[in-house]
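Open the model in your viewer and keep the selection panel at hand. The stops below go from a pocket to the strands beside it and then to some charged pairs.

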Amino acid sequence: MSGQINQSVCIKTRRLELKSYRSCDKEQLVKILTNTEITETFMVPEFNSEKQVLDLVCKLIEFSKTEDTSHLEYGIYFNDTLIGFINDCGIEDEEIEIGYVIHPDYKGQDYATEAVSAAIRDLFRMGFKKITAGYFEENIASRRVMEKCGMHQTNETDEEEYRGVKHICRYFEITNSDFYD
């Protein structure tokens, strides 16, 4: 495997759809990327202008198209409303690191777990052998998502300075042999 993404057109779960963004999702994607509760624990650039936010939104929309084989970018939809996303944070050969976000209005309903589980299945279908995800130590909800998805905590930690605050970042992983056992 060369780390190439062969993203599914649409992944349907019990309640959600994971798929490419639509151009009509720009406003909701801006709301997600600028939500202060999200930006506390998910590393998003600090924007100095609306143009910077819109430039990133347009880039993410392009990344989410199935023709893009270099990036993983799924919008998470509930009742046809964009409520979050899953994307790659790095790809190396047969390993991929993912990140995910659910808008605070939809938290606490296991949408992240449902979406991440579906994405893990799809990534193994693509041929990835190991999937990792990191979380800021204080983000217990993200840790619980990883645990519920069958991921195992590693010994790896990083210290990240993000928006002027130092955070300890811990990592979870799952391999295809873990997943299919």
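Begin by selecting Gly90, Ile91, Glu92, Glu95, Ile96, Glu97, Lys130, Thr132, Glu156 and Tyr171, which line the second largest pocket. A pocket here is an open set of points on a 1 Å grid over the protein atoms alone, where a 1.4 Å probe fits, with protein on both sides within 12 Å along at least five of seven lines; lining residues have an atom within 4 Å of a point. The volume of this second pocket is about 150 Å³, taken as the space filled by probe spheres set on the points. Its lining divides into 3 nonpolar, 2 polar and 5 charged residues, with Asp, Glu, Lys and Arg counted as charged and Gly as polar.

The model is predicted: local features need pLDDT of at least 70 and side-chain atom pairs count only at pLDDT 80 or more, while totals for chains, interfaces and linings use all residues. Residues are numbered from 1 along each chain as its sequence is written, and side-chain values use heavy atoms, with hydrogens and water left out.

Next, colour S4, S5 and S6, each of which supplies at least two residues of that lining. Strands (E, at least two residues) and helices (H or I, at least four) are DSSP runs numbered from the N terminus. S4 and S5 pair in the antiparallel sense over 8 bridges; pairing requires at least two DSSP bridges. Follow the hairpin through the 2 residues between these strands, where Asp93 in the turn has a positive phi of about 50°.

S5 and S6 run parallel, joined by 4 bridges. S5 is largely enclosed by the rest of the structure, because 6 of its 8 residues are buried (under 20% relative accessible area, with exposed over 50% and partly exposed in between; 1.4 Å probe, protein chains only).

Finally, show the side chains of Lys148 and Asp110, which meet in a salt bridge at 2.7 Å, N to O (a side-chain nitrogen of Lys or Arg within 4 Å of a carboxyl oxygen of Asp or Glu). Lys148 is in helix H5 and Asp110 in the loop between S5 and H4, 38 residues apart.
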